[in-house]
Amino acid sequence: MAVGNGTRVNEFILTSFSSLPSEIQSLLFLAFLIIYLVTLTGNSLIILVTLADPTLHSPMYFFLRNLSFLEIGFNLPIVPKMLATLLAQDTTISFIGCATHMYFFFFFGVAECFLLATMAYDRYVAICNPLHYPVIMNQRTRVKLAVASWFPGFPVATVQTTWLFSFPFCGTNEVNHFFCDSPPVLKLVCAEADTTQFEIYAIVGTVLVVMTPCSLILCSYIRIAAAILKIPSAKGKNKAFSTCSSHLLVVSLFYVSLSFIYFRPKSNNSPESKKMLSLSYTVVTPMLNPIIYSLRNNEFKNALARTFRKALSLRNYIP
């Protein structure tokens, strides 16, 4: 809570899609509700099936399970509030609620960047060092890599959120977005507050957080491509590429949408266009990830069928 120009900010107002006609908002509510349910169901199924089926206890599915958990966590602070805004016009969010929104957005977003890089490294080891893969990616190593992927989210989210909300807020309290992202909240800081250092930190931090994992992914896939080209048979090349195609598609969706939001010139970023682009990585991508990994993966589809058959057989035995 802050005081500036005689105005105390106790809460913020998320404008969300309030400028749209009520009929459009109702349609958006229905669409986002369906997407959210698909996201929860798809990612939960991946977590349950990869835990239940012994054939999916490999490193690749261990990291996929982490990704699904991340996607559920990434959606949780954003989508339910957006649905409430569209359905009940509940646009207000408390000062602490807004800070919590932002904290978990940064935490899960940063963790996903690094986890995607870890998954690329896993594919690199599997294709470039197949004989040593079980030794290199043993259980201890994969747990360390997962922890290393999750950890950067803590300092980034803590510093960015704490620093931004330490500024005084005054005047309007309308956040021109459907969640508490850093740029629209920063615009509400009192004019007399010097935010230059924070803005520099935010830009440098974003570049490092996005580009470091992206560079690691690029290096991994350059070496993977070189290894695939050396495979003599077309069948072998297709099999090697198929193990990477789902991850490549997920990485492309995530990083392309992030780039459009955070690396375009400010003059090209109207608030409404930023909202629509933000939907791609906050709402759409978490839904597409389980669909991409399940529909393009026969091993997972077979394990899903086995899990359902086992669940049905157990249910039949229960009196």
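This is a predicted model: local features need pLDDT of at least 70, side-chain atom pairs count only at pLDDT 80 or more; totals for chains, interfaces and linings use all residues.
Me: Why is helix H1 called roughly antiparallel to helix H2?
Reply: H1 (residues 22-52) and H2 (residues 59-75) pack at an angle of about 150 degrees. Angles over 145 count as roughly antiparallel. Therefore H1 is roughly antiparallel to H2. Their axes are 9 Å apart, and the crossing is left-handed.

Me: What makes up the contact of H1 with H2?
Reply: Contact means heavy atoms within 4.5 Å. From H1, the residues that meet H2 include Tyr36, Leu40, Ile47 and Leu51. From H2, they include Tyr61, Leu64, Phe69 and Ile72. By class, this contact has nine nonpolar, six polar and two charged residues.

Me: Which residues of H2 and H4 meet?
Reply: Among them are Phe63, Leu67, Leu70 and Phe74 in H2. On the H4 side they include Phe105, Phe108, Leu115 and Thr118. By class, the contact of H2 with H4 has 13 nonpolar, four polar and four charged residues.

Me: Why is threonine 118 called buried?
Reply: Its relative accessibility is 10%. Buried means under 20%, so threonine 118 qualifies. Threonine 118 is found in helix H4 (residues 95-128). Leaving aside residues up to four places away in sequence, threonine 118 touches Phe63, Leu145 and Ser149.

Me: How do you know that cysteine 98 and cysteine 180 form a disulfide?
Reply: The S to S distance is 2.0 Å. A disulfide needs sulfur atoms within 2.5 Å, so the pair counts. Cysteine 98 is in helix H4, and cysteine 180 is in the loop between strand E5 (174-175) and helix H8 (182-186). They are 82 residues apart. Both cysteine 98 and cysteine 180 are buried.

Me: What makes this disulfide of cysteine 98 and cysteine 180 left-handed?
Reply: The torsion about the S-S bond is about -120 degrees, so the disulfide is left-handed.

Me: How do you know that cysteine 170 is joined to cysteine 190?
Reply: Here S to S is 2.1 Å. That is within the 2.5 Å limit, so this is a disulfide. Cysteine 170 lies in the loop between helix H7 (153-164) and E5, and cysteine 190 in the loop between H8 and helix H9 (196-229), so the pair ties together parts 20 residues apart in sequence.

Me: Why do cysteine 170 and cysteine 190 count as buried?
Reply: Cysteine 170 has a relative accessible area of 10%. Cysteine 190 is at 2%. Buried means under 20%, so cysteine 170 is buried, and so is cysteine 190.

Me: How many disulfides are there in the whole structure?
Reply: A search finds two. With bonded cysteines counted along the chain, the pattern is 1-3, 2-4.

Me: Why is cysteine 214 called partly exposed?
Reply: Its relative accessibility is 27%. That falls between the 20% and 50% cut-offs, so cysteine 214 is partly exposed. Cysteine 128, with a relative accessible area of 25%, is partly exposed too.

Terms used: Residues are numbered from 1 along each chain as its sequence is written. Side-chain values use heavy atoms; hydrogens and water are left out. Helices (H or I, at least four residues) and strands (E, at least two) are DSSP runs, numbered from the N terminus. Buried means under 20% relative accessible area, exposed over 50%, partly exposed in between (1.4 Å probe, protein chains only). Axes are lines fitted to C-alpha atoms, for helices over the stretch in contact, and angles run from 0 to 180 degrees between N-to-C directions. Angles under 35 degrees count as roughly parallel, over 145 as roughly antiparallel, 65 to 115 as roughly perpendicular and the rest as oblique. A crossing is left-handed if the near helix is turned anticlockwise from the far one by less than a right angle, and right-handed if clockwise. Ala, Val, Leu, Ile, Met, Phe, Trp, Tyr, Cys and Pro count as nonpolar, Asp, Glu, Lys and Arg as charged, and the others, Gly among them, as polar.
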